[in-house]
Amino acid sequence: MSSPRIRRAALIPAAAVTGALILSACGSDSGDDAGGAEKAGSASKTRQLTDAQGRKVKVPSDPKKVVALSEPTLDAALALGVEPVGTTAGRGQKGVSSYLADKASKSQVVASVAEADMEKLAALQPDLILLDETTGAKKTVDKLQEIAPTVVTAKLNANWKTAFTDTADALNKKSDAKKWLADFDTQVADTKKKLGDNAGKSVSVIRWQDGAPSVVGKGEGHVGSTLKVLGMDRPKDQQGASTGHSEPVSLEKLATIDGDWLFFGALGTETDSEKAYGEAQKVTNFGKLKAEKDGHVVVIDGSAWNSAGGPLAARTVLDDIKGALAK
């Protein structure tokens, strides 16, 4: 008889986990008075920095009304104690990503992953707009700049730690990011020491949607990089860089998603993942997977594992792995 599969809710440690690697940032301090068009609520002093697209942007030294138009910039701002006045809906969700909802309860949704609602955004009278190339709003940077100073913090597929550091730079919180990342690195090392017999085991990460799995977390994103630094292996078809945010797997090739452990999510909350897991168990051959037979399927909050990534998403991934695999 197989042992019961693991529920994430019972495993997440209570202690908060934070930061890893000190990375370079791109801004420089300036005591200049704010130049250009003054927006309502903007700070009286500015700093100039060069963003990921090579644009030189004057930003408030102490921004008060920040809008974060991508999942990573929202995640990063919240990790640094900044709750944006406006933000984006999570991937596949109507509101803020569920793993961030408690910290962003006052943030008004003014965008989706596809585009920003310019009218709603402008009504917030922000003094700083943050985004990266994971969002469709990257196509409208010039229009966003007319509303408030706009910083593109990272290119598509940028290392999440670099993106976090550069977002912190735009918020004038580089030292806070440095500490966050150093603490995260310490927690990663501690978790690695406690893996015991699970050290080097193969870990599959999938999202179940529309009755079939998709592979997520390949490459060097917040999922893949965390598994890599912990020394975990990946199934053959989950190695290397991803061709997109997710890669669908046909039910005829269901065996390719197997591993010693399988982290299972849906495009939404943990409740959505639980429902999807129930559906997957009814699929022919799912019960033959080694991870399922061994009780090594870990149901996760898919909104964190499937997001574009950020420090709080990486922390959730690490917590889940530690809760399931560490001794």
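Okay, H245: at 34% relative accessibility, H245 counts as partly exposed. For that label, buried means under 20% relative accessible area, exposed means over 50%, and partly exposed is in between, with a 1.4 Å probe and protein chains only. H245 sits in the loop between helix 6 (222-229) and strand 12 (247-248). When I say helix, I mean a DSSP run of H or I with at least four residues, and a strand is a run of E with at least two, both numbered from the N terminus.

Before I go on, a word about the model. It's a predicted one, so local features need pLDDT of at least 70 and side-chain atom pairs count only at pLDDT 80 or more, while totals for chains, interfaces and linings use all residues. Residues are numbered from 1 along each chain as its sequence is written, and side-chain values use heavy atoms, with hydrogens and water left out.

Back to H245. Which residues is H245 in contact with, leaving aside neighbours within four places in sequence? They are R91, R207, V215, V216, N306, S307 and A308. Contact here means heavy atoms within 4.5 Å. Take V215 from that list: H245 and V215 are 30 residues apart in sequence, but 8.8 Å apart in space, C-alpha to C-alpha.

Let's zoom out to the chain. There are 10 helices and 14 strands in it. Of its 327 residues, 53% count as buried. Among contacts with a separation of 6 or more, 65% are between residues 24 or more positions apart. The accessible surface comes to about 14300 Å², and 49% of that belongs to carbon and sulfur atoms. That area comes from the Shrake-Rupley method with a 1.4 Å probe; for residues, only the protein chains shown count as cover.

L131 has a relative accessible area of 0%, so it is buried. Not counting residues up to four places away in sequence, L131 touches L69, S70, T73, A137, K138, V141, L144, T150, V151, V152, T153 and A154.

Now, helix pairs. Helix 4 (residues 160-170) and helix 5 (residues 174-193) have axes that come within 8 Å and cross at roughly 155 degrees. An axis is a line fitted to C-alpha atoms, for helices over the stretch in contact, and the angle runs from 0 to 180 degrees between N-to-C directions. Helix 4 and helix 5 are therefore roughly antiparallel. The cut-offs go like this: under 35 degrees is roughly parallel, over 145 roughly antiparallel, 65 to 115 roughly perpendicular, and the rest oblique.

Who meets whom there? From helix 4 we have W160, K161, F164, T165, A168 and D169, and they meet K174, A177, W180, L181 and F184 of helix 5. By class, that contact has seven nonpolar, one polar and three charged residues. Nonpolar is Ala, Val, Leu, Ile, Met, Phe, Trp, Tyr, Cys and Pro; charged is Asp, Glu, Lys and Arg; the others, Gly among them, are polar.

K174 in helix 5 is partly exposed, at 37% relative accessibility. The C-alpha atoms of K174 and L80 are separated by 9.4 Å, though these residues are 94 apart along the chain.

In the loop between helix 4 and helix 5 you'll find N172. N172 isn't a glycine, yet it has a positive phi of about 60 degrees. Why point that out? Because most residues other than glycine have a negative phi. D210 has a positive phi too, near 55 degrees, and D210 is in the loop between strand 10 (203-209) and strand 11 (212-215). N172 is partly exposed at 34%, whereas D210 is exposed at 78%.

Last stop, helix 10 (residues 311-325). Helix 6 packs against helix 10 at about 45 degrees, with the axes 9 Å apart. That makes helix 6 oblique to helix 10. The contact is made by H222, V223, T226 and L227 of helix 6 with A313, A314, V317, L318 and I321 of helix 10.

Helix 1 (residues 71-79) also packs against helix 10, at about 80 degrees with axes 7 Å apart. That makes helix 1 roughly perpendicular to helix 10.
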